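Colleague: I would like to learn how to read a model such as this one, feature by feature. Could you take me through it?

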Number of protein chains: 2
Amino acid sequence: MALICETCIARASDLCGAFAGGEIAVLDAIAVRLRVEAGGYLFHEEASADFVYNISSGMGLLERLASDGRRQIMSFTQPGDFIGLSPTPVYRISAQALTEMTACRWRIGDLEALFGEHPELERRLRLIANRVLATTLDQVFVLGRRNANEKLAYLLLYLAERQARIFGPSDEVWLPMTRGDIADYLGVTVETASRTFGVLRRKGLIALPAADRVVLADRASLAELADREP
Amino acid sequence: MALICETCIARASDLCGAFAGGEIAVLDAIAVRLRVEAGGYLFHEEASADFVYNISSGMGLLERLASDGRRQIMSFTQPGDFIGLSPTPVYRISAQALTEMTACRWRIGDLEALFGEHPELERRLRLIANRVLATTLDQVFVLGRRNANEKLAYLLLYLAERQARIFGPSDEVWLPMTRGDIADYLGVTVETASRTFGVLRRKGLIALPAADRVVLADRASLAELADREP
DNA sequence: CGTATTCTTGATTGGCATCAATCCAGGTGG
DNA sequence: CCACCTGGATTGATGCCAATCAAGAATACG
């Protein structure tokens, strides 16, 4: 029996990790595999929130658009992330792929049906929600109370920490998103985002071997800027 | 048997509502009642996150302080709110009382011990986390992408909607918090918060019979400013 | 190789912060 | 009862950070 799950990068993710060894077959059986090309969407704001997703591979983002076009990015996603839970009947965010992306999709009701047999699954969903909430509160603080330099320092350290989980520890961070995406995450304009990269570079805190690769040259100073552990 | 729960304003709250009728005795038995005077704290940032709380009466706020003193308010709390869940071993926020406040406190482990007998309790905790997360994402958008006028319009409509649940629908909103608290919620300064009240008042969108009472005189325009349902 | 998109940089503007003073309400004590 | 005090709220003057407007450079792509 060769389940896709058994070789999946996200096998130990918050969600799938709820099933030990062969148990994963239960989850596998009711999953639908999806592939989305770069620029495509897993789901759209305003669409009926029937499904939840676990990212298997690829990078993406979660965004919300206002009626006048202003955009706020809520999160950058990577393999292992569980997304799509919504307390409202329609999604309040869209999930876009930054690179080619694969994911598993479940009807939320199908997952809930497993809670009886697999209480660990429900516990995981609870923990995921709590963890995402904690991260979002960090973001609230950053958006409300920090300036452009501090915001970017925060994002770079945050991405480094997250990418360490999939690529291993490194001082180099990959930025699969555009400067515009970064700006919309930090609540600034593209120009300010671009200038801020320049500021941190001239200060020697980072190096930019390419637009989409940042070297954290001085983690201590970055951490101080971000008011955070290095 | 006269349980405190039976006459509690928060009897039907997200948490306590998980127990129908007499079942509530289970929750009542392991609850500790607390009273905190205005200005006091239910729990402090950095303290060990052993307890969770359900607000029985009174208004409060959840705040985070940076090492340099900058403050961000994450939420204003009211009766029925469930707070204190933390994915980290220490709280990342403090819970302060704005008025005299009463609350029930549980050791988080004691609640978890009930999950087997009362699966509805775990479901509620999951839903609460999801709902708080959704609200926090709204806040992220507001902090990242809206100007001072829009921010205040959003807060007033949000408070009106929440207070309607405990006081009933009304065009008058009570502001038990100071202008400084409002500023720290919206990510602006006290002066800007104060000026912004003035702007909305001169535009005729609100009236201010007292500093702590706002009349939503023109909900439609406020909703348009906030990009939100009236 | 040409075109489109993204990124960067410059000049200027504008919104909010900062600094500073005054106003006001509630509480206190003479 | 009222002068005084205190913390919060408001208003004004000025400055600064990031937005906006504009142009050019680098990179990706057909």
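Colleague: Let me start with one residue. Where does Thr99(A) lie?

Modeller: Bear in mind that this is a predicted model. Thr99(A) is in the loop of chain A between strand S7 (94-97) and strand S8 (101-107).

Colleague: Is Thr99(A) buried or exposed?

Modeller: Buried means under 20% relative accessible area. Thr99(A) has a relative accessible area of 17%, so Thr99(A) counts as buried.

Colleague: Which residues is Thr99(A) in contact with, leaving aside its neighbours within four places in sequence?

Modeller: The contacts of Thr99(A) are Val36(A), Glu37(A), Ala38(A), Gly58(A), Met59(A), Trp174(A) and Pro176(A), with those neighbours left aside. Take Met59(A) from that list: 40 residues separate Met59(A) and Thr99(A) along the chain, yet their C-alpha atoms are separated by 5.6 Å. The side chain of Thr99(A) also reaches the backbone nitrogen of Met59(A), at 3.0 Å.

Colleague: Now the aromatic rings. What describes a pair of aromatic rings?

Modeller: The distance of the centres and the angle of the planes describe such a pair. Over all chains, the count comes to ten aromatic pairs. One of them is formed by Phe167(A) and Trp174(A), which lie 6.4 Å centre to centre with 55° between the planes, and this pair is tilted. Phe167(A) is exposed, with a relative accessible area of 51%, whereas Trp174(A) counts as partly exposed at 29% relative accessibility.

Colleague: Why is the pair of Phe43(B) and Tyr53(B) called stacked?

Modeller: Planes under 30 degrees apart count as stacked. The planes of Phe43(B) and Tyr53(B) are at 25° and the ring centres 5.3 Å apart, so this pair is stacked. The two residues are ten residues apart and the pair links distant parts of the chain, with Phe43(B) in strand S2 (residues 41-43) and Tyr53(B) in strand S3 (residues 51-57) of chain B. Both Phe43(B) and Tyr53(B) are buried. In chain A, ring pairs link Phe43(A), Tyr53(A) and Tyr91(A) into a cluster.

Colleague: What sits over the ring of Phe51(B)?

Modeller: The charged end of Arg105(B) sits there, 3.9 Å from the ring centre. In chain A, Arg179(A) lies over the face of Phe197(A), at 3.9 Å from the centre of that ring.

Colleague: Next, the sheets. How do strands of a sheet pair?

Modeller: Strands pair through backbone hydrogen bonds, in either a parallel or an antiparallel sense. Chain B has an open sheet of four strands in the order S1-S8-S3-S6, with antiparallel pairing. Its edge strands are strand S1 (32-36) and strand S6 (82-83), each of which pairs on one side only.

Colleague: How many bridges join S3(B) to strand S8 of chain B?

Modeller: Six bridges join S3(B) to strand S8 (residues 101-107) of chain B, and the two run antiparallel. Phe51(B) stands opposite Arg107(B) in S8(B), while Tyr53(B) has Arg105(B) as its bridge partner in S8(B). S3(B) also pairs with S6(B) over two bridges, in the antiparallel sense. In S6(B), the bridge partner of Tyr53(B) is Ile83(B).

Colleague: Why is S3(B) described as largely enclosed by the rest of the structure?

Modeller: Six of its seven residues are buried, so S3(B) is largely enclosed.

Colleague: Where do the side chains of a regular strand point?

Modeller: They alternate between the two faces of the sheet. In strand S7 (residues 94-97) of chain B, both faces are covered: Ser94(B) and Gln96(B) on one side, and Ala95(B) and Ala97(B) on the other, are all buried. S7(B) pairs with S2(B) in the antiparallel sense over two bridges, and there Tyr41(B) stands opposite Gln96(B). S7(B) also pairs antiparallel with strand S4 (residues 60-65) of chain B, over four bridges, where Glu63(B) stands opposite Ser94(B).

Colleague: Which residues touch the most other members of the largest nonpolar core?

Modeller: Of its 44 residues, those are Leu42(A), Phe43(A), Ile83(A), Leu42(B), Phe43(B) and Ile83(B). A second, separate core has 34 residues, among them Leu155(A), Ala160(A), Leu175(A) and Leu200(A).

Colleague: One more loop. Is Arg146(B) buried or exposed?

Modeller: Arg146(B) is buried, with a relative accessible area of 10%. Its loop lies between helix H3 (119-145) and helix H4 (148-167) of chain B. Not counting residues up to four places away in sequence, Arg146(B) touches Ala66(A), Arg70(A), Phe141(B), Lys151(B), Leu225(B), Ala226(B) and Asp227(B).

Definitions and conventions
Residues are numbered from 1 along each chain as its sequence is written. Chains are lettered from A and ligands numbered from 1 in the order in which they are written. This is a predicted model: local features need pLDDT of at least 70, side-chain atom pairs count only at pLDDT 80 or more; totals for chains, interfaces and linings use all residues. Side-chain values use heavy atoms; hydrogens and water are left out. Rings of Phe, Tyr and Trp (its six-membered ring) pair if their centres lie within 6.5 Å; planes under 30 degrees apart count as stacked, over 60 as edge-to-face and the rest as tilted. Buried means under 20% relative accessible area, exposed over 50%, partly exposed in between (1.4 Å probe, protein chains only). A charge sits over a ring if NZ of Lys or CZ of Arg is within 6 Å of the ring centre and within 35 degrees of the ring normal. Two strands pair if DSSP finds at least two bridges between them. A nonpolar core is a set of buried Ala, Val, Leu, Ile, Met, Phe, Trp, Tyr and Cys residues joined through side-chain atoms within 4.5 Å. Contact means heavy atoms within 4.5 Å. A polar contact is a pair of N or O atoms within 3.5 Å; within protein, one must be able to donate a hydrogen and the other to accept it, and residues adjacent in sequence count only if both atoms are side-chain atoms.
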